[in-house]
Amino acid sequence: DESKDGVYLKREEGYVSYDLFIDDIKVNPSSLIKGMSIDLYLTVENDQQIKSDLLFDHVKIGEIYDKDGKKILSSDTVSKAYILTLNLQEEYVGILNEALKIGEVSLIVPEDTYEDQVTSFNAESEFKALFERSQS
């Protein structure tokens, strides 16, 4: 089963724009603003166990679109976010695709959301095997 999320449009060197449908993730869409950084968490439930851990931190939101594909401006308090375009390093695309297949992705807005930081994969994550599978 292929994810309806996708990658398109090259960004700065090594980055791509990654469209993520709000329906595929847990988030309060009204709390999101273009340019802010978010942390992505993965929750997986299997064998009566629930595991949740940080997957990526400091992922920049490039654009936010409504269900008609129109960009939502930060001054717009009426439109509901439907698609987030994330600026993500190419090497992390496979990990996020795999995460969406096996569990539930949640967004958290960190306190340092507007500081200029580089996205990183949590190499100590319980889901480190995702990284290894997506690279093979």
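These notebook entries record what I looked up in one predicted model.

**Conventions.** I number residues from 1 along each chain as its sequence is written, and I use heavy atoms for side-chain values, with hydrogens and water left out. Since the model is predicted, I ask for pLDDT of at least 70 for local features and count side-chain atom pairs only at pLDDT 80 or more, while totals for chains, interfaces and linings use all residues.

**Overall fold.** I looked up the secondary structure, taken as DSSP runs numbered from the N terminus (helices H or I, at least four residues; strands E, at least two). The chain holds 2 helices and 8 strands, in the order β-β-β-β-β-β-α-β-β-α. Of its 136 residues, 43% are buried, where buried means under 20% relative accessible area, exposed over 50%, and partly exposed in between (1.4 Å probe, protein chains only). Among contacts (heavy atoms within 4.5 Å) with a separation of 6 or more, 68% join residues 24 or more positions apart.

**Confidence.** I then read the pLDDT, the predictor's confidence in each residue from 0 to 100: its mean over the chain is 79, and 76% of the residues reach 70 or more. By element, the lowest mean, 46, belongs to strand β1 (residues 6–10), and the highest, 91, to β6. Residues 1–10 have pLDDT below 50, although this stretch makes 26 contacts in the model beyond near neighbours in sequence. Where pLDDT is low, the predicted coordinates should not be read in detail.

**D66.** I found D66 in the loop between β5 (49–65) and β6 (83–89). Which side chain of opposite charge is nearest to D66? The nearest is K70, 5.7 Å away, and the buried D66 has no salt bridge (a side-chain nitrogen of Lys or Arg within 4 Å of a carboxyl oxygen of Asp or Glu). A polar atom of the D66 side chain does lie 2.9 Å from the backbone nitrogen of D68. Setting aside neighbours within four places in sequence, I list I72, S79, K80 and Y82 as the contacts of D66.

**S37.** This residue lies in strand β4 (residues 37–46), and S37 counts as buried because its relative accessible area is 0%. The S37 side chain makes a polar contact with that of K60 at 3.5 Å.

**D47 and Q48.** Both positions fall in the loop between β4 and β5. Phi is positive at each, near 50° for D47 and near 65° for Q48, and neither residue is glycine. I note D47 as exposed at 69% relative accessibility and Q48 as exposed at 82%.

How values were computed:
Lys, Arg positive; Asp, Glu negative; His and termini not counted. Polar contact = N/O pair within 3.5 Å; in protein donor to acceptor, adjacent residues only side chain to side chain.
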